[in-house]
Amino acid sequence: MKQIEGINDFVVKFANVNGSGSASANHLFAKAIFRMGIPVSPRNIFPSNIQGLPTWYEVRVSSKGYLGRRGGVDLMVCVNPQTMEQDIADIEPGGYFVYDNTKPLSPHLKRDDITYFGIPLTEMCMREFKVPRLQQLLKNVVYVGAMAALLDIRFSILKDLLNDQFKGKEKLIHPNVRALEMGFQYATENFSCPLPIRLEMGGNDAPHIKESNHILMNGNTAAALGAIYGGATVAAWYPITPSTSVIDAFSKYAQRMRIDAGSGKKNYAILQAEDEIAAMGIVVGAGWNGARAFTATSGPGLSLMSEFLGLAYFAEVPVVLIDVQRSGPSTGMPTRSQQSDILAAAYASHGDTKHMLLFPATPRECFDMTVQAFDLAERFQTPIIIMSDLDLGMNDVMSPPLEWDDDYEMDRGKVLDADALDTVEKFGRYLDVDGDGICYRTLPGTHPDKGAFFTRGSSKNEMAVYSERGEDYVQNVDRLLRKFETAKSYVPEPKTHPPIEVKKPKTRKKLGALFFGTSASPAYEAVETLAEEGYPIDTMRIRAFPFHKSLDEFIHEHDIVFVIEQNRDGQMRQLIMNECHVSPDKLTSVLNYSGIPITARTIASQIRQALNLESANVVKLHPESV
């Protein structure tokens, strides 16, 4: 049997039971690889109940810096009998299976093309530790110790991480280190270590690792920091997975950075509303009053917030919404990731409504785009929706460090102060003075007798006076569309990359690929794979809606454009067709909607299939159970 070989290039997957304490141990494993300076991308795949159901933790190790899911598993660590049969089936031929052999493995679970490593995890922990809860928790740490021997992880790094993790709880350090030692010793005494797949410090050629010291953090934390640095002082919310940690992190940082030094009083307000509708109502009210205000939610909350989003759009009130997308519709799968709120967010509310969307792909962009969202919201006096997702929001991702310019000044947009109002003969809230669709506004209490207007969600004329005249209504909604066109010059431009050079291309057609958010990393990897096979593909990563003019140019320059996204109906493709007036024949969907993040193999396979290649080896839309 030929075993899988490789240095700093493989996929490890842990199969556990939710609530067993495995997540922290698995994260310890991933952080140790990160501290060795090796590109790593961990993903926690967990159920929406508290405990008892299967959970997985997948770790991608890639010296080339591929941070998306590849597809397939090279080494499986399984301590969950419920899923063992499927977990074994998911291992690549030539791969490795680590399991708890306190009880014998059933003969029907044997494969001839993988290598088995049995470790009596339960027996070892029951013998060494007397407290039942510790026996369960430390079983996870024992297998991490064994993995250190099998993959050649620096043991000192694991010890340092435990010291950091349990700082202030020194009594927990010794049993955890002992569990690591038990696993490490058992593996070195019973197996040939390290395996043909292993880790090596200093053996990386990933350009982004050379360019800067990366950090490991999740998008929700980065977005919360962006809200802090972007000047947010009001957050209203209702708890919903997977967005809750945005507000949790904002609260933590606000307690450190939003306290008045002189009085010790809080300079912020965080309100948990009775539901998502009320949360958005609070944010609209705060934005109208001049505060930088935001909320965070997911698909079900976005649905409920649509009415207030329509009010903010039509009354022209700045608000920011962070949408951490999950699987829908309805309750869907609360702990699974999708990019399935695109159309709901772009056209939230009834009537002719268009909202500005931002699509971050990394924690760094979650930070930067959240700051930018507050500027855009006030510049354009409208809701700005940041389209994150569970994969980006809740998983630790390698990212360029967050940076901040101390000379940054908030863009408050067209706000008239008292002196400016004194020079205005008559203030009209919805007058388009500059021709860009953006009107001048005032904040409550600015002037004793000038600048007041009645904010309403009903039709009005330029002076904010109620009107049902068709001419006034048309003038107003046309101006809103003009404002949306103006925004194209302000939102983040797409990122383009020329195709990888192919000496003897196997097609004369000019191929392009569009993608956004968390589809980007596996898309780049798939494109490199296809280039090696003789199929060069230009790429463009969409970062905002309204679409930049370069998107339309990109589409018209190519014969076939693949739109890679994670939903069933090709929502980004539909949005592009609707807004850019592109023929459906020009855009080919590459889709994944299983709730598990899309893989590079899935993308490459569907593109091969679309090109009618004999080597398609088609991967189904939902190839992996998890």
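Which residue forms a salt bridge with D368? R364 does, and the closest N and O atoms of the pair are 2.9 Å apart. A salt bridge here is a side-chain nitrogen of Lys or Arg within 4 Å of a carboxyl oxygen of Asp or Glu. Before going on, some ground rules: this is a predicted model, where local features need pLDDT of at least 70 and side-chain atom pairs count only at pLDDT 80 or more, while totals for chains, interfaces and linings use all residues. Residues are numbered from 1 along each chain as its sequence is written, and side-chain values use heavy atoms, with hydrogens and water left out.

Back to that pair. R364 and D368 are 4 residues apart in helix 13, so about one helical turn separates them. (Helices, H or I with at least four residues, and strands, E with at least two, are DSSP runs numbered from the N terminus.) R364 counts as buried at 18% relative accessibility, whereas D368 is partly exposed at 29%. Buried means under 20% relative accessible area, exposed over 50%, and partly exposed in between, using a 1.4 Å probe and protein chains only.

A search of the whole structure turns up 31 salt bridges.

Now for the nonpolar side of things. A nonpolar core is a set of buried Ala, Val, Leu, Ile, Met, Phe, Trp, Tyr and Cys residues joined through side-chain atoms within 4.5 Å. The largest one has 88 residues, and F294, L514, M572 and I576 have the most contacts inside it. Helix 13 shows up again here, giving the largest share of this core with 8 residues. A second, separate core has 58 residues, including A32 and V98.

M572 and I576 are both among the buried residues of helix 19. In that helix (residues 571-580), 7 of the 10 residues are buried, so the rest of the structure largely encloses it. Its buried residues pack against several elements, among them helix 18 (549-556), strand 18 (511-515) and strand 21 (560-565); contact means heavy atoms within 4.5 Å.

What about L514? Leaving out residues up to four places away in sequence, L514 touches I576 and M540, among others. M540 is also the bridge partner of L514 in strand 19. Strand 18 and strand 19 (residues 537-541) pair in the parallel sense over 5 bridges; pairing requires that DSSP finds at least two bridges between two strands. Zooming out, 5 strands form an open sheet in the order 17-19-18-21-22, with mixed pairing. Strand 17 (495-497) and strand 22 are at the edges with a single partner strand each, so one side of each has no neighbour in the sheet.

Finally, look at strand 5 (residues 73-78). All 6 of its 6 residues are buried, so it too is largely enclosed by the rest of the structure. Strand 5 pairs in the parallel sense with strand 2 (residues 9-17) over 4 bridges, and 5 bridges join it to strand 6 (residues 91-100), also running parallel.
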